[in-house]
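Please look over the sequence and the structure first.

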Amino acid sequence: MLRYLPFLLVLAVWIYAFIDCLNTPESEVKGLPKVVWIIVVLLFGEVLVGPVAWLVAGKVRRAPARWTAPDDNPEFLASLEDRKRRDLDEEA
């Protein structure tokens, strides 16, 4: 079973890169047109050159959005103040 592991890992990376390439919008593809990237991933997938090239250089990568706690978020605090003012105006 262990001798099949390298083959399965290559296959998994190949499939992941192919599906990722298909699902990426054209506006986020860099370097080559999306169709060319798909061909590169398919043709050079067995030796991992195509999938690794796609994962490293083919897609615009963005940093994940940073989560802000509600008590540190100025927009949330401002909305609380607005809600408080509206509630006071309605009571008066």
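Helices (H or I, at least four residues) and strands (E, at least two) are DSSP runs, numbered from the N terminus. Leu55 lies in helix 3. This is a predicted model, in which local features need pLDDT of at least 70 and side-chain atom pairs count only at pLDDT 80 or more, while totals for chains, interfaces and linings use all residues. Residues are numbered from 1 along each chain as its sequence is written, and side-chain values use heavy atoms, with hydrogens and water left out.

**Helix 1 and helix 3**

- The axes of helix 1 (residues 5-23) and helix 3 (residues 49-58) come within 9 Å and cross at roughly 50 degrees; axes are lines fitted to C-alpha atoms, for helices over the stretch in contact, and angles run from 0 to 180 degrees between N-to-C directions.
- Helix 1 is therefore oblique to helix 3, given that angles under 35 degrees count as roughly parallel, over 145 as roughly antiparallel, 65 to 115 as roughly perpendicular and the rest as oblique.
- Val13, Trp14, Tyr16, Ala17, Asp20 and Cys21 of helix 1 meet Pro51, Trp54 and Leu55 of helix 3, where contact means heavy atoms within 4.5 Å.
- Eight residues of the contact of helix 1 with helix 3 are nonpolar, none is polar and one is charged (Ala, Val, Leu, Ile, Met, Phe, Trp, Tyr, Cys and Pro count as nonpolar, Asp, Glu, Lys and Arg as charged, and the others, Gly among them, as polar).

**Helix 2 and helix 3**

- The axes of helix 2 and helix 3 come within 7 Å, crossing at roughly 140 degrees.
- Trp37, Val40 and Val41 of helix 2 make this contact with Gly50, Pro51, Ala53, Trp54, Ala57 and Gly58 of helix 3.
- By class, the contact of helix 2 with helix 3 holds seven nonpolar residues, two polar and no charged ones.

**Nonpolar core**

- Ala17, Cys21, Val29, Trp37, Ile38, Val41 and Trp54 form the largest nonpolar core, of seven residues; such a core is a set of buried Ala, Val, Leu, Ile, Met, Phe, Trp, Tyr and Cys residues joined through side-chain atoms within 4.5 Å.
- Helix 2 gives the most to this core, with three residues.

**Leu55 and Val47**

- Leu55 is partly exposed, with a relative accessible area of 26% (buried means under 20%, exposed over 50%, partly exposed in between, with a 1.4 Å probe and protein chains only).
- Val47, in the loop between helix 2 and helix 3, is exposed at 57% relative accessible area.
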